[in-house]
Amino acid sequence: MKKLIFLLFITGLVACSTVPLTNRSQFTAIPSSQMLELSNESYNSVLKQKKLSNNTSQINELRLVGRRVAKAVENYLRQIDRASLVEGYEWEFNLIAEDPKNAWCMPGGKIAFYEGIIPVCQNENGIAAVMAHEIAHAVAKHGNERMSQQLALQMGGMALNEALQKESETTIQLAMTAFGVGAQLGVILPYSRKHEKEADELGLYFMAMAGYDPREAPELWKRMQAAGSGGGPPEFLSTHPDPEKRINHLNSIMPKAMEYFNQNK
């Protein structure tokens with residue numbers, strides 16, 4: 001019976017939301033206002049636990065790229081009448097003074113890079129490739145989808161709405177798990193490989209829309225793969241698709257990305 005209720009619940013919601021450009025249907029049950037509130041709290045909590053970089057040059061470049069990509073994405077969403085996808089988003093870009101070759105994003109456009117990933121990016125186009133990938137997670141509402149799935153699995157469909165309305169401690173803890181904000185690491189819990197592949201695709205288009213050369217993206221991932229040689233993959237790649245398949249996928253959709261680039265460079 002519970003399984004039936006759960007399936008009926010998902011069936012009623014899954015068709016209500018689609019990802020732009022890929023048009024994939026997704027299960028997003030959490031109200032955006034609640035996602036944004038939880039995300040802001042979680043993001044601020046992480047930043048309080050971390051030492052922020054004082055490298056002014058890198059911070060300025062990071063924020064310049066972030067604002068440029070975010071603006072291009074917002075313009076595109078307005079053109080296709082999907083501006084509501086980022087309604088209430090307050091884009092924020094911070095650089096953490098730690099060595100992991102990693103970056104992550106929370107719902108609502110809260111993004112963090114680690115200093116360790118900057119040398120691998122090498123240039124502004126490389127930073128844009130990582131930035132656009134993270135912005136893609138936010139635009140595609142992968143955090144909402146992940147949290148919705150976890151809440152539904154653990155509580156059952158009928159209990160989900162009640163749990164959200166009460167904002168119980170359990171709900172908040174599940175949200176923290178969904179965002180991957182751990183007290184010890186403060187690193188985003190990996191998205192599914194499906195989400196990562198989708199963020200790769202959207203990110204390629206988004207960086208091109210912002211006038212950044214998408215051909216740098218496969219090169220960036222090659223450098224990222226090489227950076228992990230001998231010691232396992234960097235955290236940023238640890239749950240992503242197989243690097244070779246990933247690069248091949250990016251190259252296969254490059255013609256479409258180049259169309260956006262040629263229109264906006």
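This is a predicted model: local features need pLDDT of at least 70, side-chain atom pairs count only at pLDDT 80 or more; totals for chains, interfaces and linings use all residues.
**Stop 1: helix α5.** Select residues 124-139. This is α5, a helix of 16 residues. From first C-alpha to last, α5 reaches 22 Å, close to the 22 Å expected at 1.5 Å a residue. Is α5 mostly covered or mostly open? Mostly covered: 14 of its 16 residues are buried.

**Stop 2: the two ends of α5.** Go to the start and show the side chain of Asn-123. One of its side-chain oxygens comes to within 3.1 Å of the backbone nitrogen of Asn-125. Now move just past the other end. There, Lys-141 has a positive phi of about 55 degrees.

**Stop 3: α3 against α5.** Two packed helices are described by the angle between their axes and the distance between the axes. The crossing is right-handed. Which residues make the contact? On α3, select Glu-61, Leu-62, Leu-64, Val-65, Gly-66, Arg-68, Val-69, Ala-70, Val-73 and Leu-77. On α5, select Glu-124, Ile-127, Ala-128, Met-131, Ala-132, Ile-135 and Val-139. An α-helix has 3.6 residues a turn, so residues three or four places apart point the same way.

**Stop 4: α9 and α11.** Select residues 193-209 for α9 and 243-252 for α11. These helices pack at about 35 degrees, with axes 10 Å apart. α9 passes α11 in a right-handed crossing. Finish with the side chains: Lys-197, Asp-200, Glu-201 and Leu-204 of α9 meet Arg-246, His-249 and Leu-250 of α11.

Note on methods
Residues are numbered from 1 along each chain as its sequence is written. Side-chain values use heavy atoms; hydrogens and water are left out. Helices (H or I, at least four residues) and strands (E, at least two) are DSSP runs, numbered from the N terminus. The expected span of a helix is 1.5 Å times one less than its number of residues. Buried means under 20% relative accessible area, exposed over 50%, partly exposed in between (1.4 Å probe, protein chains only). A polar contact is a pair of N or O atoms within 3.5 Å; within protein, one must be able to donate a hydrogen and the other to accept it, and residues adjacent in sequence count only if both atoms are side-chain atoms. A crossing is left-handed if the near helix is turned anticlockwise from the far one by less than a right angle, and right-handed if clockwise. Contact means heavy atoms within 4.5 Å. Axes are lines fitted to C-alpha atoms, for helices over the stretch in contact, and angles run from 0 to 180 degrees between N-to-C directions.
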